[in-house]
Amino acid sequence: MWLEENERIDDLEYKGLKIIQNKNEFCFGMDSILLSDFAKNIKKDSKVIDLGTGTGIIAILLSKKTNVKEIIGVEIQPQMARMAIKSVRLNELEKKVKILEEDIKNLGKFYSRGTFDAIVTNPPYKQIKTGLQNENIGKLISRHEIKCTLEDIIKTSNYLLKNNGEFYMVHRPDRIVDIFHLMRKYNIEPKLLKLVYPYINKEPNLMLIKGIKNAKPFLKIERPLFIYKEDGKYTEELLKIYNKKGE
C-alpha cells in the first residue's frame, strides 16, 4: 500500500468506505459526519463541490449517500490533498470524485460562474488570533482562518453556485450572526438551520445550515440533534446517522 509515514487507513463503517489519514495531521471529526448526513438529500445528478475537503471525508461519504453526478473536493494543503486522492483511489471512486489541490480563492480560473448545483463545506471555525493556536501548521490552517476566511467561502460559493443552487455548511453557533450576514450579502438565503447539542442540558456547539442562492427569505429551524443521552451513550438519532443500532 502507498502509505506515507504516520498514515493509516480508517474504516468509515459505511458501505465499505475507507479513508487515509495521518495521525500527526488534522483528522476529521463528528462535524464532517453530521454535514454529510445533513446534505444527503442533494438532488440526483447534481454537480457538487466541497470547499476545504481535507482528506476527502465529506466527498467520499456523499458519493455513497447521494446520487450526485460528480463531486469536486478542493484542498489547499498538499499533504491533505495527497491523502484525499489516495482515498478516492482506495475506494475506486475516480469516476465520481475528483480532488483539486488549489486555493478556493482561485477557483474562478478553473470554473465559470454558476457551474455547480450544490456546495458543501466544513470551513475553519476560528478567526485568526482566537482560541488555542496549535503549533502544527496543518492543524492551524484547518482550524483557523489563515488560508481562507468565512467571507472567502461564502463569496466563492455565490460565484460557483447556479441560481437556486444549494449551500450546506457546518460551523459554530457563536459565528451565526457573521454567517447570516455574509450569506445575505452574497445572495445565499438561509433556509434551514439545525443546532447540535452535546447533551440536552448543555449549550449547542455545532450548527448545520442550508442556504439557497437567490431564494426568497424564509428560515426553517429543524428539531435539534442531541449527541449524548444522560448516561453518556449516543442518542438513537446519532446512532442512526452513524448507521449503527442502539444497545
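Modeller: Contact means heavy atoms within 4.5 Å. This is a predicted model, so local features need pLDDT of at least 70 and side-chain atom pairs pLDDT 80 or more, while totals for chains, interfaces and linings use all residues. Residues are numbered from 1 along each chain as its sequence is written, and side-chain values use heavy atoms, with hydrogens and water left out.

Biologist: Which residues of α1 and α2 meet?

Modeller: From α1 come Ser-32, Ile-33, Leu-35, Ser-36 and Asp-37. They meet Ile-57, Ile-58, Leu-61, Leu-62 and Lys-65 of α2. These residues divide into six nonpolar, two polar and two charged. Nonpolar covers Ala, Val, Leu, Ile, Met, Phe, Trp, Tyr, Cys and Pro; charged covers Asp, Glu, Lys and Arg; the others, Gly among them, are polar.

Biologist: What makes a stretch a helix or a strand?

Modeller: Both are DSSP runs, numbered from the N terminus. A helix is a run of H or I with at least four residues, and a strand is a run of E with at least two. The chain has seven helices and 11 strands.

Biologist: How do the axes of α1 and α2 lie?

Modeller: The axes of α1 (residues 30-38) and α2 come within 9 Å and cross at roughly 35°. Each axis is a line fitted to C-alpha atoms over the stretch in contact, and angles run from 0 to 180 degrees between N-to-C directions.

Biologist: Is the crossing of α1 and α2 left-handed or right-handed?

Modeller: The crossing is right-handed.

Biologist: Why is Cys-27 called partly exposed?

Modeller: Its relative accessibility is 23%. Buried means under 20%, exposed over 50%, and partly exposed in between (1.4 Å probe, protein chains only).

Biologist: Why is Cys-148 called buried?

Modeller: Its relative accessible area is 13%, so Cys-148 counts as buried.

Biologist: How many disulfides does a search of the whole structure find?

Modeller: The search finds zero. A disulfide would be a pair of cysteine sulfur atoms within 2.5 Å.

Biologist: Where is Ile-19, and why is it called buried?

Modeller: Ile-19 is in strand β2 (residues 18-22). Its relative accessible area is 0%, so it is buried. Leaving aside neighbours within four places in sequence, its contacts include Phe-28, Thr-55, Ile-57 and Ile-60. Thr-55 is 36 residues away along the chain, but the two C-alpha atoms are separated by 7.6 Å.

Biologist: What makes α2 mostly covered?

Modeller: Eight of its nine residues are buried. Among them are Ile-57, Leu-62, Ser-63 and Lys-65.

Biologist: What does the largest nonpolar core hold?

Modeller: This core has 37 residues. Leu-34, Ile-42 and Val-120 touch the most other members. Helix α2 (residues 57-65) gives the most to this core, with six residues. A second, separate core of 26 residues includes Phe-116, Leu-182, Ile-188 and Leu-193.

Biologist: Why is such a set called a nonpolar core?

Modeller: The name applies because its members are buried Ala, Val, Leu, Ile, Met, Phe, Trp, Tyr and Cys residues, joined through side-chain atoms within 4.5 Å. In soluble globular proteins, nonpolar side chains tend to be buried together.

Biologist: What is Ile-42 in contact with?

Modeller: Beyond its neighbours within four places in sequence, Ile-42 is in contact with residues including Val-48, Leu-62, Val-120 and Tyr-168.

Biologist: Why is Thr-156 called buried?

Modeller: Its relative accessibility is 11%, so Thr-156 counts as buried. Thr-156 lies in helix α5 (residues 150-160). With neighbours within four places left aside, its contacts are Leu-51, Ile-104 and Leu-107.

Biologist: What makes α5 mostly covered?

Modeller: Eight of its 11 residues are buried. They pack against elements including β3 (47-51), β7 (161-171) and α6 (176-185).

Biologist: What is the phi of Glu-13, and of Lys-15?

Modeller: Glu-13 has a positive phi of about 55°. Phi of Lys-15 is near 50°, also a positive value. Neither is a glycine. Most residues other than glycine have a negative phi. Glu-13 is in the loop between β1 (7-11) and β2, and Lys-15 is in the loop between β1 and β2.

Biologist: Why is Lys-15 called exposed?

Modeller: Its relative accessible area is 56%, so Lys-15 is exposed. Glu-13 has 44% and is therefore partly exposed.

Note on methods: Left-handed = near helix turned anticlockwise from the far one by under 90°.
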